[in-house]
Amino acid sequence: MKLLFCCLAFLCLSICQLAAQPRWNVALKAGAGWTGIWETRDSPYSIAKGFRERFIPNRGMMAGAQVNYRLSPRFGIDIGLEYQIMKDEVQRSFDNGNPMWEVKPKPIYNSARRIQVPLQVRYQLSSRPKSVYVLVGVLAGYLKSVELYVSERERYDVPFHILDRGRLPRGDLPRYQFPLLAGVGVSVGRHIGLELVYQYMGREMEFLRYDPGFTTIGLAPSVSRMNQGLFLSVKYRFKKLY
């Protein structure tokens, strides 16, 4: 408890010192948006033809803090610490042309929590403080947990301790992720800003819903694209813009 109190006190003092510097600023931000992509494809893990997967985006949320440094009236660098919840939906169906063998889609809901550190470069289109700006960067993320919901009563936790040891016969879940960032923002006041940021990661996530032990059977994994998406966030700066 004493250690936690000391860490909080040190963090508060550091924020106060940064806010006192003319080129530094500290901000809190929170946002929501869509994670995942719209895509329908033939499943690459099926022996028979006709199996399809349909990816559907779902709602995501994020919150965190950010430190801003102004290099010039137009250029700046931002680094933050955020907590993000990502979700999407996958529907698997089978249709080989025979109505008797057609299988209707059964949704699988994926949910993940990620701790992330975005590093981005910001460029204002005008030297005025209240102006539109664009930003690009990279996000260093760490997946904290991943869950699957086949129905309201069926929930599966992805066994990270097995994935980390590489024992699964099939399934490639990147626990350390580095999506690219690109977006646009606008300062609506000297304290308030709005940002629309797209997180892009071409690599999909594959994982199994249970631990098969030491089997060598190639089990079909669950697939998700929830590691990319579009977020709209509100930012509150502790210090007024120059």
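Visitor: How many of the residues of the chain count as buried?
Guide: Of the 242 residues, 41% count as buried, where buried means under 20% relative accessible area, exposed means over 50%, and partly exposed lies in between, with a 1.4 Å probe and protein chains only. This is a predicted model, in which local features need pLDDT of at least 70 and side-chain atom pairs count only at pLDDT 80 or more, while totals for chains, interfaces and linings use all residues. Residues are numbered from 1 along each chain as its sequence is written, and side-chain values use heavy atoms, with hydrogens and water left out.

Visitor: OK, and how many helices and strands are there?
Guide: The chain has two helices and 13 strands, and these are DSSP runs numbered from the N terminus, with helices being H or I over at least four residues and strands being E over at least two.

Visitor: What share of the contacts comes from residues 24 or more positions apart?
Guide: Among contacts with a separation of 6 or more, 70% are between residues 24 or more positions apart, and a contact means heavy atoms within 4.5 Å.

Visitor: Let's go inside. Which residues make up the largest nonpolar core?
Guide: That core has ten residues, namely Met86, Ile108, Ala112, Leu143, Val146, Leu148, Val158, Met205, Phe207 and Met226. A nonpolar core is a set of buried Ala, Val, Leu, Ile, Met, Phe, Trp, Tyr and Cys residues joined through side-chain atoms within 4.5 Å.

Visitor: Which element gives the most to this core?
Guide: Strand β6 does, with three residues, and the elements that give two or more residues are β5, β6 (132-149) and β11 (205-207). Another core, of five residues, lies apart from this one, and Tyr133, Leu135, Leu181 and Val197 are among its members.

Visitor: Is Val146 buried or exposed?
Guide: Val146, which is found in strand β6, is buried, because its relative accessible area is 2%. Val146 and Phe207 are 61 residues apart in sequence, and their C-alpha atoms are 9.1 Å apart in space.

Visitor: New topic: what does the side chain of Ser224 join up with?
Guide: The side chains of Ser224 and Asp88 are joined by a polar contact of 2.9 Å. A polar contact is a pair of N or O atoms within 3.5 Å, where within protein one must be able to donate a hydrogen and the other to accept it, and residues adjacent in sequence count only if both atoms are side-chain atoms.

Visitor: And where is Ser224 found?
Guide: Ser224 is in strand β12, which covers residues 222-224, and Ser224 is buried, with a relative accessible area of 0%. Not counting residues up to four places away in sequence, Ser224 touches Phe55, Asp88, Asn110, Glu204, Met205 and Phe207.

Visitor: How many residues apart are Gly183 and Gln199 along the chain?
Guide: They are 16 residues apart along the chain, and their C-alpha atoms are separated by 8.8 Å. Gly183 lies in strand β9 (residues 180-187), and, leaving out residues up to four places away in sequence, Gly183 touches Tyr133, Val134, Leu135, Leu196 and Val197.

Visitor: What about rings, how many aromatic pairs are there?
Guide: The structure holds four aromatic pairs, and rings of Phe, Tyr and Trp (its six-membered ring) pair if their centres lie within 6.5 Å, with planes under 30 degrees apart counted as stacked, over 60 as edge-to-face and the rest as tilted. One of the pairs is Trp24 with Tyr69, whose ring centres are 4.7 Å apart and whose planes are at 50 degrees, so the pair is tilted.

Visitor: Why does that pair tie together parts that are 45 residues apart in sequence?
Guide: The reason is that Trp24 lies in strand β1 (residues 24-35) and Tyr69 in strand β3 (residues 51-70). Trp24 is partly exposed, with a relative accessible area of 30%, and Tyr69 also counts as partly exposed, at 26% relative accessibility.
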